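Please open the structure in your viewer and keep the selection panel at hand.

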Amino acid sequence: MLPLKMLRFRHIYYLSMRFYHPGVKGSDFLWYQLDNCSNEDQVLDLVGKNKAKLAVMHVGHAIELLWQFQKEKPQILRSIDYIRNHSQFMVLRVLAENKIDQMDDETLVDMLYNALRLNVEPHDSLVQQLVMEAWGRIERFGMPMLSKFAVCLTDQHLYHSPLMGEIADIVSRKLESIYDARILSSLMLSISALISKCFRNRLIEKAEFLLDTGYTSQFNNCRRIVQFLRNVKFSYRPLLEKCNAIFLQSIKGLDADNISIILGVYQSLHFNNCDFRLAVKWRLIELINTQTDPTSFVRLFAVLGPLSGTVVRKRLESAALLMVEEFSPSQTLAVIETMAEMECRNPQLIQQVASNLSKHLDMYKPLDAAKITQALLSLHCQKPELYAELRQMLICYLHVSVVPYEISMLTRVLSQLPSPRTDHLIPARIDDVLPQCNLSDLNAFAIAITKWVRNGSSYQPSTAAVHVKLLQKLNMCGLERLQKANDLDLLLEEIKYVGGEWFEEVLAEETMASFERLKGQITWSNVAELALFLTKTNCLHTGLLDQIASVTLQHINKIHFSATYAILLPFNVFNYDPPQAEDLFESCVQRSRPHFNAFDPHLLVLFGYSLALASYFPEDLIRTIFSVNFLAKLDSQLDSNVSIGPVQQQIHEILGQLLGGSNYVKAAVFTPYYYFTDFECVLDKHRKPIPYVDQNTVFLSKNGREPWRPDKEFLEEKYLPPGGERVVIEFLNAKAFCKNSHHIKGEAAMKKRHLEILGYRVIQIPHFEWNSMELSTKDAWIEYLKQKIFAE
C-alpha cells in the first residue's frame, strides 16, 4: 500500500506545482492583496505593479474580481468599456492567453465566462483559445462546469454549433445525475435548438420532477424553464403552471426585466394567467418611483404601459416626455413600440419621440427600421419627411438582405407607406427568395403585392403586370408547400398566423385538403390547436371535426383541462353535433370540473358561453361564474365598447322611414341579461309601431301615461300593450355563417333562442340577402324589411 500512497502524493505535488512554480515568490500575499481591493482601479493598479509575479491563479482571480465589481453595480453605473480598454486589462488578457495550458478545468471555464461578461469579443484570440481548450476537456467536465460552459457558448450565439451538439449529447447521457434545477434549467435553455421531441419530453419530465420535489424555489430557474418552452415552441401547461406558481410566490423579488421576459414568453406560448398579470401590474406600479434613470424607466414603461389603466398611463407618458431627450436609440425604439401597443394618443409625446428617432436613423438595423415605421403609422404620426427617410432606408435594406423573414417584413411594412411608385428592384428581390419562404412569409408578400397591384395598376401598367406575375408565382409556391406538407405539427406551427384575403382565396381549400390528408396525425397534444385554427377559418369541415371529437374522447385524461374550451369551440360556433356529441361534451365538462377555480376568469366565462351555444348548462359552472369572488376577479379584466357599423346605419335610416320616424326604433340596445342588439321596436296588437318617448329607451303603455322601461320589469306582460310584442332586428354579417355555406353558426342561433325566451320576436337579416342583387335599391330594402316585420 505504501508505494500507491507515494504515487498519489507525488501526483498531488505535481498538480500543485503547475500553479505554485518556483519563479513566483509571495504568491499568497499577492492573492491577499487582490482580495483586499475595493474597486476596479485598485485591481488594475495592482496588476500593473506585479506583472512579472502574476501566476495563472492571480490572473484568473483578477479578472473574476473585475467582473464582480461590475456585477454589483446598477446597469447605468457600470464601466465595462473603461475596463476592457484599460492597458492593464490588456496585460491580463495576454497573460491569460499565454497560460491557458496551465489552467485547471474550473479556472479555464471561469476565465471564459468572466471575459465574456467584460465584453471581450467572441472573435478575440483569448476567447477562441479558451473555447478550443475547453472543447478538448469537455467529457470530463462535471455538470455545473458544463452548464457554465454552455452559457458561454450561448453568449457567443453558438446555438447550432457541433460543440453545443456534444454538450446536448452529454446531457442526454447523464440527465439522471442532475439534481440541481439551476444547472438543469441553464442546460435546457442552452441546448434547446438541438434537441428532438423525445429528448424535449425527457427534459420536461426532469424539470417537473425537480419542481415537484422542492429542489428549487428560485424564480430564475423557472424563468429559464419557460424560456426553454418558448424556444422549443411547446406550450406544456402543467410545467407552465408550476413555474407560474413560483413566480407568484416570488413577486416581490421580480424586477421589470424579469417581468418583461416572463410576459413575453407567456405571450408567445399563448399562456395567460390573470393572477400573475394583476400581481405584476401592482408590483410595477410600486416600482414607478424607483425607476428614475432612462434605462430602468424604459424597461418599466415597456412592461407596465400595456397593462395599466388611464391614470397610470398618463403618469408614464408624462415621465417619458420629461426624459425623451435622454433616451438612447435602442431605448427610443422600445418606447415607440410600447406607445403603439398602448395606442398612445399623446400628440406631444409622439412628436418628441419621432424627432428623437429621426436623429439616429442611421444606427438602426433593418428590422428596427421596419418596427419604427410600423409603430409610427399605427400612432398616426404626421411627419412626412421622416416617412420619406424611412422608406429610403427600407428599400436600401431590402436590396441587400438575403434572409426571407427579413425581406418579407421589410416588404410588408414598405407597402403600408403612401407612395405612388414602388422600386423596380423589389419584385426581383422577392422573386429570389420565394422558394425559401414559409407560408407566413408568403402571406406577408401576398398582402404587400396585392396592395401594390390595386394601387398602381392605373398609372404603372407595366409594373402592375410584373406584380401580377409575381403574385401568380407566389400562389404556386404556397400551394406546393401545402401539398408537400407531411407533418401536421409543423404545418400548424407554420400556418398559425396566416390569414386574411390571400389565405381565404388561394390557400384555404388546399389547407383543408392537407389537414384531411394528415388527420391520422391528430393527437391529444395538437387537437386543441387544430380546433382553434378551424374556428378561425370559419369553414365547416365535418370530417376533421369528427376526428377531433374521436381523439378527444379517447385521450381526454391526457388533455389539459384548459384546452377543453378550444376543443369544443368549433362544434359550438359552427352549430355542429358530431357522432357521440353528448359524450364529447360530458367528457370535456368532467375533465374541467375539478379545475373551475383554476381557470382564468375570462376563459371560464368563454367556456360557459361556448357550452351555452350548444344548450348545455352545467349547474356547478354557472354557480362558480356567478359567485361574488369570481365576479370580483372578473371585474378587474373587463373592458366594454359598443359601436354601430355603416350597414347598421343604413338599416337604421330605412327602419325610421318604414316605422314612421327615428323615435320608433332604437339602435345599439342592451336587452335584459345584457344581450347587445342592433335594433329594437315595439308593435301593438294591430302590428302598428309604438314610439319611444325619448332616447332613454322608454316606451308608452296602453293608456299613454305609464312608462315602460327595459329593466327587470321589462319581462312582465302588464308593461306591454295587450297583444303587443317586442321586436329585435339583427343584421347578420359573414361571421354569423360558415364560410362555405349559409349554415348559421351557434352564437347567432343561441342568441335568437334566448331573446325569444325573453319575449322578443327576433328578425335576422342575413348579409347575403341584404347585399343581394334583388335588394339593390332603397325601395327594395324597404319592402324587404316591411315583409320581415309586418308579415303574419
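Predicted model: local features only at pLDDT ≥ 70, side-chain atom pairs only at ≥ 80, totals over all residues.

Residues are numbered from 1 along each chain as its sequence is written, and side-chain values use heavy atoms, with hydrogens and water left out.

**First stop.** Select Gln227, which lies in helix 13 (residues 219–231); helices (H or I, at least four residues) and strands (E, at least two) are DSSP runs, numbered from the N terminus. Gln227 is buried, with a relative accessible area of 12% (buried means under 20% relative accessible area, with a 1.4 Å probe and protein chains only). Leaving aside neighbours within four places in sequence, Gln227 is in contact (heavy atoms within 4.5 Å) with Leu189, Ile261 and Val265.

**Second stop.** Select helix 37 (residues 746–757), which has 12 residues. Its buried residues are Gly746, Ala748, Ala749, Met750, Lys751 and Leu755. Gly759, which follows helix 37, has a positive phi, near 105 degrees.

**Third stop.** Select helix 27 (residues 488–495) together with helix 28 (residues 501–517). How are the two helices oriented to each other? Helix 27 and helix 28 are roughly antiparallel (angles over 145 degrees count as such). Within their contact, display Leu488, Leu491, Leu492 and Ile495 of helix 27, and Phe503, Thr511, Ser514 and Phe515 of helix 28.

Methods: Expected span 1.5 Å × (residues − 1). Buried < 20%, exposed > 50% of the residue type's maximum accessible area, 1.4 Å probe, protein only. Axes fitted to C-alpha atoms, helices over the stretch in contact; angles between N-to-C directions. Parallel < 35°, antiparallel > 145°, perpendicular 65-115°, else oblique.
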